[in-house]
Amino acid sequence: MKYDFIIVGSGIVGLATARRLQQVKENTHILLLEKENSPARHQTGHNSGVIHAGVYYEPGSLKARFCREGAAATYAFCRDYGIPHRQTGKLIVATNPSELERLGPLLERCVDNGLNPEMLDQAGLRELEPAVKGAAAIRVQESGIVDYPAMCNEMLRQFCECGGHYLTGCEVTGITEHSLEVLVHSRTGTFTGNKLVVCAGLMADRLARMQGLDEGFRIIPYRGEYFRLRPALDGLISHLVYPVPDPTLPFLGVHLTPQTDGSITVGPNAVQGWKREGYGRFNFSARDTLEMLSFAGFWRASLRHFRHGLRETRNSLWKKAYVAEVQKYCPQIKSADLLPHPAGIRAQAVTGEGVLLHDFLLKQTARCLHVCNAPSPAATSAIPIGRHICERLAGAEGAGREARLLN
Ligand SMILES: Cc1cc2nc3c(=O)[nH]c(=O)nc-3n(C[C@H](O)[C@H](O)[C@H](O)COP(=O)(O)OP(=O)(O)OC[C@H]3O[C@@H](n4cnc5c(N)ncnc54)[C@H](O)[C@@H]3O)c2cc1C
């Protein structure tokens with residue numbers, strides 16, 4: 001059988017794409033391949049669960065637009081299909097003079113991005129969140145939380161209900177593109193499709209290379225380690241509470257996140273991972289590590305962010321230092337309040353020059369489209385990203401070109 005579309009990866013990006021493709025065209029034969037036994041087993045199921053409002057991104061950029069549209073689409077999807085979510089609002093808290101200086105431009109950026117932020121002084125902040133301490137804060141009401149795995153399960157249900165085929169335990173090991181079709185090889189057999197979309201997250205560069213695409217980047221895994229607050233502190237905050245981010249990094253800093261189940265997570269940090277899909281603290285893969293060490297971009301990026309990396313590693317190894325990051329804005333949290341919580345691993349595309357790509361990156365050939373970099377807020381933005389991918393597949397205009405979707 002020849003499928004109209006084959007999609008690899010059932011994280012939220014692959015699922016949003018599959019659902020959209022299946023819904024826009026009746027009688028389309030779509031095959032969704034997943035190497036694990038269920039959806040959302042990697043980044044999508046190991047993230048903070050935040051619906052980002054689109055605070056930080058360049059106004060007018062696709063990243064800003066997709067985040068705004070994605071947040072609205074995510075809320076609507078959750079309302080329509082009963083997915084656990086809550087519009088909690090978010091506080092970005094400045095705790096020292098240099099952060100205070102960066103708060104003004106951040107507020108302007110919120111306004112430019114169409115949000116309705118509110119600047120709070122020390123007293124206003126205290127009144128809103130008595131446990132949070134800071135010199136000032138921005139309140140963004142549009143941010144919220146969601147259960148992304150539940151969203152994925154619903155997307156998968158709809159995809160299958162509309163006739164989509166889902167195959168788990170099927171690891172793609174090779175891709176051959178011909179002028180009239182594309183062959184997708186796996187340990188369980190070869191599948192033939194008219195077009196292929198690859199949304200492989202932490203394996204994105206490997207799948208691009210399977211097809212011989214000269215990608216010029218590697219996925220470097222950055223662990224995001226979390227704790228959760230002990231249950232007695234479940235009601236401590238009602239907003240998401242974030243520090244003012246370092247503008248040179250694509251990570252937002254250790255934050256407090258109330259979850260849909262009532263618990264509060266603390267994190268994530270950003271430390272070097274030594275195994276792409278290894279969530280245990282000391283997980284190590286010789287293949288992943290050797291590939292990383294033999295890539296010049298890894299060394300350049302590590303040198304460029306050496307001080308930050310060192311600080312994060314110290315905080316990871318020494319719980320007291322990790323807690324100190326949180327105590328800057330929530331002084332009552334003590335080391336004993338932090339309980340273990342599973343880590344996540346970011347698939348971060350890094351160029352040969354050592355630049356961490358903040359943007360989404362797609363690569364397209366005549367019959368294939370690879371999502372090469374889909375960092376945060378790709379979970380929030382998944383619905384418009386899926387729509388965008390469908391539009392690109394419908395037209396041949398993108399073929400052969402690299403698309404840096406977001407700037
Ligand atoms: C710690 C952390 C916190 C984050 N917090 C947020 C947040 O709060 N809000 C937000 O919007 N975003 C957040 N993100 C980002 C967000 O989680 C990701 O951008 C998003 O989940 C990416 O989805 P994906 O479908 O591209 O990748 P993934 O969810 O990683 O899915 C990729 C899928 O491809 C499959 N696959 C890979 N290789 C193969 C193969 N060879 N054959 C078959 N299948 C294959 C994998 O098994 C996996 O199921 C966070 C990410 C991390 C790691």
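How many of the 13 residues of H11 are buried, and what does this say about its place in the rest of the structure?

A: The model is a predicted one, in which local features require a pLDDT of at least 70 and side-chain atom pairs count only at pLDDT 80 or more, whereas totals for chains, interfaces and linings use all residues. Residues are numbered from 1 along each chain as its sequence is written, and side-chain values use heavy atoms, with hydrogens and water left out.

Of the 13 residues of H11, 10 are buried, so the helix is largely enclosed by the rest of the structure. Buried means under 20% relative accessible area, exposed over 50%, and partly exposed in between, with a 1.4 Å probe and protein chains only. Helices (H or I, at least four residues) and strands (E, at least two) are DSSP runs, numbered from the N terminus. Helix H11 comprises residues 382–394 and reaches 18 Å from its first C-alpha to its last, close to the 18 Å expected at 1.5 Å a residue; the expected span is 1.5 Å times one less than the number of residues.

Pro377 is found between strand S20 (368–373) and H11, and the peptide bond that joins Ser376 and Pro377 is cis, with omega about 10°. Most residues other than glycine have a negative phi, and most peptide bonds are trans. Another cis bond runs from Gly267 to Pro268, with omega near 0°; Pro268 sits in the loop between strand S16 (264–267) and strand S17 (271–272).

Ser376 also takes part in the ligand site: a polar side-chain atom of this residue lies 3.4 Å from a nitrogen atom of the ligand. A polar contact is a pair of N or O atoms within 3.5 Å; within protein, one must be able to donate a hydrogen and the other to accept it, and residues adjacent in sequence count only if both atoms are side-chain atoms. Backbone atoms contribute as well: a polar one of Ser48 is 3.3 Å from a ligand nitrogen, and a polar one of Val13 is 3.1 Å from a ligand oxygen. The protein covers 98% of the 1,000 Å² of accessible area that the ligand has on its own, with areas from the Shrake-Rupley method and a 1.4 Å probe; for residues, only the protein chains shown count as cover. Helix H1 (12–24) and strand S18 (338–351) are the elements that give two or more residues to the shell.

In total, 37 residues surround the ligand, and the closest are Glu34, Thr44, Asn47, Ala374 and Thr380; a residue is near if one of its heavy atoms lies within 4 Å. The shell has 18 nonpolar, 14 polar and five charged residues. In this classification, Ala, Val, Leu, Ile, Met, Phe, Trp, Tyr, Cys and Pro are nonpolar, Asp, Glu, Lys and Arg are charged, and the others, Gly among them, are polar.

S20 pairs with strand S19 (residues 361–364) in the antiparallel sense over four bridges; two strands pair if DSSP finds at least two bridges between them. Leu361 has Asn373 as its bridge partner in S20, and the two strands form a hairpin with three residues between them. S20 also pairs with S12, in the parallel sense and over three bridges, with Leu196 opposite Cys368.

From there the pairing continues. Strand S12 (residues 189–198) is joined to S1 in the parallel sense over six bridges, with Val198 as the bridge partner of Val8. Strand S1 (residues 2–8) has five of its seven residues buried, and it pairs with S2 in the parallel sense over four bridges. There, Phe5 is bridged to Ile30.

Asn27, in the loop between H1 and strand S2 (30–33), has a phi of about 55° and counts as exposed at 70% relative accessibility. Ala40, in the loop between S2 and S3, has a phi of about 60°, but at 10% relative accessibility it counts as buried.
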